[in-house]
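Subject: Structure handover

Hello,

I am passing the structure on to you with this message. My notes on it follow below.

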Amino acid sequence: MALANRLDPDTVGPALQRWLADHLDGDAAVTDVAVPHSSGMSCETVLFTAQQRRFVVRVAPADGVGLFPAYRLEDDAAVMRALAHTAVPAPRIVAVEADPAILGGRFLVMEHIEGRVPPDDPPYSLGGWVLDLSPEQQDRLIDNAVATIVEVSRTDWSGLRLPRVGIAAQVEYLDHLHTTGHRGTPHPTIAVGLAYLRANAPTGEALALCWGDARIGNMLFAEDLSVAGALDWELASIGSRELDVAYFLYALRLWSEGFGAPSPPGFPDRATILARFEELSGLAMQHLGYYECLAAVFGAIAMLRAGHLMIDAGLVPPDSTIWLTNPPSVLLAGYLDVPVPTGEVTGWAGHR
């Protein structure tokens, strides 16, 4: 789990230096090791310098104990290598290490990309550099994000061997995430959502590479607000080109409405964003409502799993219902038009 990074820089630095001797030509001295306090809710992150270059390490938890049941770092690397031949600015991969003994978990090393990420905690809609931008700059940020997502869908995925291809596999994976994460108490709203997804799955969808977590919180923005880096590919799959569009729209709602805040004033409205997607992609959305529901089901499942992990870690009280009643589950109830789960609405913000 990486609700908070717990690696020790004094231990990680020497271990990385020994490892780099076999993976970089020349001097492999490691300096400026940094372990951010928090950097997402999945893998742990380490930053370091070698050969006057900055690198990032993502350390996966052991299978069965993280936010996701298993981590396929080789697939993440394969996707980023495929994107290296496109306009999508994914990090350049150095290597994948399968031996967990080196850093306490299998890990992926990639080159660092400079830029700013819209914050998750507190959400960018409540504070941070995104709100300091002018409305025109905020509009440009979203437009550049949309263009990046469209480029992902144009990627040649024929050489990728990802575990999920098509909508049936997507829904099966969500069911697996729920079953392995609810600890004996299925989430009632998620159960309704999964039933809806099974009963209403589109057919005949054209396939494309899907990011799976396409949101501005997984993008690094340069000073000119172009997308300098596209991050976090652990949910990549092959599916409908509408999936990432839907997830992007859902995430914008979650990180504003989900926290009782308006969108930044320069963010375009839903219709404008959708029109821009269709203009750039040449694709008319046919099943967007379905895929938005799929995104919302995933969001609620991820928060269910994270909520239990936060209780385990002592970040919230043992009797907290954060796994049940939280911003993603409330938003999912709205998509499905069913009652909101009972209990105080509690999110991840301020608890990590």
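The buried residues of α5 are covered by, among others, α6, β9 (237–240), α7 (242–254) and α9. The residues of α5 that are buried are Ile167, Ala169, Gln170, Val171, Tyr173, Leu174, Leu177 and His178. With 13 residues, α5 spans 18 Å from its first C-alpha to its last, close to the 18 Å expected at 1.5 Å a residue. Please keep in mind that this is a predicted model.

His178 also turns up in the surroundings of His187, which sits in the loop between α5 (167–179) and α6 (188–199). Leaving aside residues up to four places away in sequence, His187 touches His178, Leu304, Trp323, Leu324, Ser329 and Pro341.

Helix packing comes next. Two packed helices are described by the angle between their axes and the distance between the axes.

The crossing of α9 past α10 is left-handed. On the α9 side the contact is made by Glu292, Cys293, Ala296, Val297, Gly299, Ala300 and Met303, and on the α10 side by Pro328, Ser329, Leu332, Tyr335 and Leu336. Sorted by class, this contact holds 9 nonpolar, 2 polar and 1 charged residues. Ser329, part of the α10 side, is also one of the residues that His187 touches.

The second pair is α4 (residues 135–153) with α8 (residues 270–281), at an angle of about 40° and with axes 10 Å apart. That angle makes α4 oblique to α8. Their crossing is right-handed. From α4, the residues Ile142, Asp143, Val146, Ala147, Ile149 and Val150 meet Ile273, Arg276, Phe277, Leu280 and Ser281 of α8. By class, the α4 contact with α8 comprises 8 nonpolar, 1 polar and 2 charged residues.

A few single residues remain.

Gly307 belongs to helix α9. Its relative accessibility is 0%, so Gly307 counts as buried. Apart from residues up to four places away in sequence, Gly307 touches Ile322 and Trp323; Trp323 is also in the list for His187. From Gly307 to Thr155 the separation is 152 residues in sequence and 34 Å in space, C-alpha to C-alpha.

Val12 is in helix α1 (residues 9–20). Is Val12 buried or exposed? At 4% relative accessibility, Val12 counts as buried. With residues up to four places away in sequence not counted, Val12 touches Leu7, Val46 and Leu103. Val35 is 23 residues from Val12 in sequence, and the two are 9.2 Å apart in space, C-alpha to C-alpha.

Asn218 is placed in the loop between β6 (207–210) and β7 (219–221). The cut-off for buried is under 20% relative accessible area; Asn218 has 3% relative accessibility and therefore counts as buried. Which residues does Asn218 touch, not counting residues up to four places away in sequence? They are Trp211, Asp213, Gly229, Ala230, Leu231 and Asp232.

Regards

Technical notes:
Residues numbered from 1 in each chain as written. Predicted model: local features only at pLDDT ≥ 70, side-chain atom pairs only at ≥ 80, totals over all residues. Heavy atoms only, no water. Left-handed = near helix turned anticlockwise from the far one by under 90°. Helix = DSSP H or I, 4+ residues; strand = E, 2+ residues; numbered from the N terminus. Contact = heavy atoms within 4.5 Å. Nonpolar A, V, L, I, M, F, W, Y, C, P; charged D, E, K, R; others polar. Axes fitted to C-alpha atoms, helices over the stretch in contact; angles between N-to-C directions. Parallel < 35°, antiparallel > 145°, perpendicular 65-115°, else oblique. Expected span 1.5 Å × (residues − 1). Buried < 20%, exposed > 50% of the residue type's maximum accessible area, 1.4 Å probe, protein only.
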